[in-house]
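Subject: Model for your files

Hello,

Please find the model below, with the sequence. My notes on it come after.

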Amino acid sequence: MSEYFLRQEDLPRFLQSLMAAVPVVGPVAKKNHFVFQKLSSPEELRLDYDVSLLPPKKAIFPQTQRLLDFSPNGPKSCIAPREQVLFGVHFYDIKAIDMLDHLFSENVADQNYLANRHATTIVGSSIQKISDRAFWGSVGKNTQPKGHDAFLTKISGGFHFKALTEKGEKLTSHGQFSKASDAQSKEAKQVNEEILGKCPQRLQHSAEQIAQKVRASFKNEKLWDELAEKCFSCGSCNIACSTCYCFDVQDKWNLDQKSGHRTRTWDACLTEDFAKVSLGAGGATENFREKRSHRFRHRVMRKTAYLNDKLGGPACVGCGRCSEGCVPDIADPVKIINKIMES
Ligand code: SF4
Ligand code: SF4
């Protein structure tokens, strides 16, 4: 693990050289928001973004992904690893990718995810501007981000660059890096520590207290009815989430009715049909989470309790995207948890 310094004015040339070697995906401005997309010039990169509309997981786990082609000759895998550098990822989104790494690797490993993941080099970046709805400073404090290859921190005169893996170390061959001084390393550490205390929203209880109370509230139907009263089941809170990983698999048949392809698309457990299953011939169906309050409850259980043992903490990283994306403004985990804790 080595620590370097890159002068502010040398960042564009570093990016230019990197982009010539491999696609670089990073935060860029889109009207008054930010999105992660492939950079077409170094000037597009906006390391001063607050939060992106969709999480950077989409570079590894795309919204729609072709899984396989099928024909009378059998299935043919469509795995085509995306060689890329995912640049400028905030620490909470690195933690979210760490969770996906774990969830997509357990039991039957998801090769479609893992192929992209292994081909991706992740460069984190310090947070320069904070989203109004963020609460990453007080959630999952016991888990540290670990899946990145390097981390870039804005300090006086430029950037502190910490290489954490061999892949991260190799990136330095593209730029005018010098060894970081002790003072520069110290400043970077301080910048990243101080930002944690600047989040506008905070959870008031530990992850264990929250998980216990949320589980104990499972049968409080009145509470869940009240919380979900204004929900119109759009699923935006799921789609915007850094840690949601459900998907729907569909087969599309060609006109010959013998061949076609299979794709998966992100799915959302708040939508009405998410838990609807076919009971076979005749078109009968059963929806085992028909009530919107039950779907709302399910999301809260998943984020605060069900996955905690597996992930070592809550399945929420406090990005605040769900709060921003919810039109009736009822999806904010801080407000939901506060209400449950007071109930
Ligand atoms: S974004 Fe809001 S309205 Fe839409 S499903 Fe989620 S909680 Fe319901
Ligand atoms: S539940 Fe909301 S705050 Fe938590 S990770 Fe998902 S989108 Fe971010």
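This is a predicted model: local features need pLDDT of at least 70, side-chain atom pairs count only at pLDDT 80 or more; totals for chains, interfaces and linings use all residues.

Residues are numbered from 1 along each chain as its sequence is written, while chains are lettered from A and ligands numbered from 1 in the order in which they are written.

Helices (H or I, at least four residues) and strands (E, at least two) are DSSP runs, numbered from the N terminus. An open sheet of 8 strands has the order β3-β2-β6-β7-β8-β9-β1-β10, with mixed pairing (two strands pair if DSSP finds at least two bridges between them). At its edges are β3 (33-38) and β10 (178-179), each pairing on one side only. Strands β7 (residues 120-125) and β8 (residues 150-155) run parallel and are joined by 3 bridges; Gly124 has Phe151 of β8 as its bridge partner.

In helix α6 (residues 207-216), Ala207, Ile210, Ala211 and Val214 are buried (20 or more other C-beta atoms within 10 Å of the residue's own; exposed means 12 or fewer; C-beta atoms are placed from the backbone). These four lie on the same side of α6 because they cover an arc of only 100 degrees around the axis, taken from the directions from the helix axis to the C-beta atoms. Glu208 and Ala216, on the other side of α6, are exposed.

Ligand 2 is surrounded by 13 residues, counted if the C-beta atom, placed from the backbone, lies within 6 Å of the molecule. The closest are Cys241, Cys316, Cys319, Arg321 and Cys322.

Regards
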